[in-house]
Amino acid sequence: MTLELASSQETVAPRAESPLAVRGMTVSYGQKPAVFSVDMTVEPGKMTAIIGPNGAGKSTLLKAALGILTPLAGTATVYGKPVEQQRHRIAYVPQRASVDWDFPTRVVDVVLMGLYPQLGLLGRIRPVHRARAADCLARVGMEDFATRQIGQLSGGQQQRVFLARALAQDADLYLLDEPFAGVDAATEKAIIAVLKSLRDAGKTVVAVHHDLSTVPEYFDNVFLINTHRVAEGRVEEVFQAHHLQDAYGGRLAGAQMDALQLS
Amino acid sequence: MIWEALFLQLGYNATLVTLGATLLGMAAGVGGTFLFLRKRALVSDAISHATLPGVALAFMVMVSFGGDGRNLIGLLAGAALSAGAGLLLVSWLSNRTRLAEDAAIGSVLSVFFGLGIVLLTVIQTMSAGRQAGLEDFLLGSTAGMLRSDALIIAVAAALTLALVLLLRRPLTLASFDPEYGTAIGQNVPRTDLAMMGLVLAVTVVGLKIVGLILIVALLIIPPVTARFWSERTDHVVLISGTLGGIAAYIGAALSAAQPNLPTGPIIVLVGFALFALSLLLAPGRGALSALLRHRRYQRRVHLRQGLLALAHGQPIYEQRTLRLLRAEGYALPDGVATQAGRGRAAKALRDETRWQLIRSDPAYKAAAQQYDGLTPIETVLTTDQIREIDSRIDLRGGVMA
């Protein structure tokens, strides 16, 4: 079934300048592949959602592309070059659950981490860097929290701080792992506004996303994955009932499908 | 004698030893902070116990080449080699086998230590070499330390401090958010390796003064203590280094004054005293401050509940609530509200009514999240918003003006 799908649907043509192009990516935990031979070509200047059921390998694909996980096979290129050479153009927002929130660090210190590549090992943090951090915090509406210890924040506020850190990097490609997981509605709105402004400024945004109902509203493109690639392309072309049923293996109830108001 | 020791009046050698120990304490406190923040503190215990076979073997090798086996650099080189082997074994066991890290640490620690003790016993039966003093590596001793020994320790500790200063950013990122560190191009495994190398260096250098059994305390107690005093990584590192230096200074000075006292245990006990003080007295994270905060909060809750009960004309059953109301002059001993009490009760009820209204209104979602049953609503909403809410309360039958 998967084979038939892969051939029957139009693939976005691979271009040298794709902000993120993944080829033949296979990652496995033990003997069972979490991601199997996946190709992905992200379109520049768009917002792309990576969607799929739980355990479909969404985050794994992102982490393998970034080199956080070591894949069994496959390569990833960023703007046509190996990821290692393009780190300065990538900003990454990890899952909130991946860090220890009791760590002795303040909101502003976390945002300054986004400037570490620029600061180097011994470069002093100067007023210009502090101003940049404050500016990024203001963009996510967290300027009043700069000196709080990060554990005192709510989940949504923590997510905003992570986004501010990514903004501080001033990258071209923004990769976000479940940015809307466990955040309040106000934060979701604030984050999506920031992401859209990035897109409008010509940046490329890729987010692992789990809420199907907001996909058409938030994103331009979707990448459907269930260990294998299921479909990829514009929301209006790919975000359709048969593709979703393929990705979710019939786990979506009819009522859920109706609620999505698919085109 | 003790005061003379503390003020470095016991002669050149004792002074040098004390200063060397202080530098070592600072290096251990600073290096140990990242180990603690990376949640790998116990790895240092495996490293330190794994030094013993290396010390014994180095002694044997040096004796077999005709020396007396007391060369400190030779002994420390042996310690470093076997500690490195132990470290590799721990990481191999926990990465490549199904053994969890704590089990790997336990096995490596005990096997290496056991091997070391056997080798020490063998050495005692040897006729060549001067084995007296080798057991000082277990608990540490400043007695009979040479000036050159103290210098070696001081230089190595200073190098360790410089290395931490150089690597503070990668170390922070690897401890807090290694995934992000990888994403922005940091080589996290190499940073981890550097951190372990740092810890290994501190351990090996500290063997002579603190001893291998207790060096782990010098790496762990200062950062844990420092954590009570700050919410910033750089400050925790600095405070930890300072505390480690103080503990080592006092410990080494005391043991220089009383040569029968083992240095390591005294340093550890001084460190523990600092820890206990911080645990009790630190503002914010200390136990006393947490207790006071809890009591203050409890008091506010009781007062609020009491006022609401007064407003509703309900009887107050809890003695504590009544006592607090009386102390504030809001109620008489029989539980009847005073003039002031009636005013406060009405305000409390009005506040509570307003809160309940905005909590059921999605338009006030952000403000409603700050509801804790205590916060006065005027600190959360503007006057206009409160007026708007009040108009609705009146519409619904004027619950309370």
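1. A note on the annotation comes first: UniProt positions are given here in the numbering used for this structure, and such annotations may be inferred rather than shown by experiment. The structure itself is a predicted model. With that in mind, the UniProt record, an unreviewed entry, places the feature "transmembrane region" at several stretches of chain B, among them residues 12-34, 46-65, 236-254 and 266-292.

2. Two of these stretches can be set beside the model. Residues 236-254 of chain B are 100% helix and 0% strand, with end C-alpha atoms 27 Å apart. Residues 266-292 of chain B are 81% helix and 0% strand, and the C-alpha atoms at the ends of this span lie 33 Å apart.

3. Turning to chain A, the model shows eleven helices and ten strands. The radius of gyration of chain A is 19 Å, close to the 18 Å that the globule rule gives for 263 residues, so chain A is as compact as a globular protein of that length. Along the principal axes, the C-alpha atoms of chain A fill a box of roughly 55 × 40 × 35 Å.

4. Of the 263 residues of chain A, 48% count as buried. When contacts in chain A between residues at least 6 apart in sequence are considered, 70% of them join residues at least 24 apart.

5. Helix α5 of chain A, residues 127-139, has 13 residues and, at 1.5 Å a residue, should span 18 Å, which agrees with the 18 Å between its end C-alpha atoms. Within α5(A), the residues A:A133, A:C136 and A:L137 are buried. Viewed down the helix axis, the buried residues of α5(A) fall within an arc of 100°, so they line one face of the helix.

6. Just after α5(A), A:G141 takes a positive phi of about 75°.

7. Chain A also holds an open sheet of four strands, in the order β2-β1-β4-β5, with antiparallel pairing. Its edge strands are β2 (32-41) and β5 (81-82) of chain A, each of which pairs on one side only.

8. Where does strand β4 of chain A, residues 73-78, meet β5(A), and how many bridges join them? Two bridges link these strands, which run antiparallel, and A:T77 stands opposite A:P82 in β5(A). In general, strands of a sheet pair through backbone hydrogen bonds, either parallel or antiparallel.

Conventions
Residues numbered from 1 in each chain as written. Chains lettered and ligands numbered in written order. Predicted model: local features only at pLDDT ≥ 70, side-chain atom pairs only at ≥ 80, totals over all residues. Rg over C-alpha atoms; globule rule 2.2 N^0.38 Å. Buried ≥ 20, exposed ≤ 12 C-beta atoms within 10 Å, placed from the backbone. Contact = placed C-beta atoms within 7 Å. Expected span 1.5 Å × (residues − 1). Arc of directions from axis to C-beta. Pairing = 2+ DSSP bridges.
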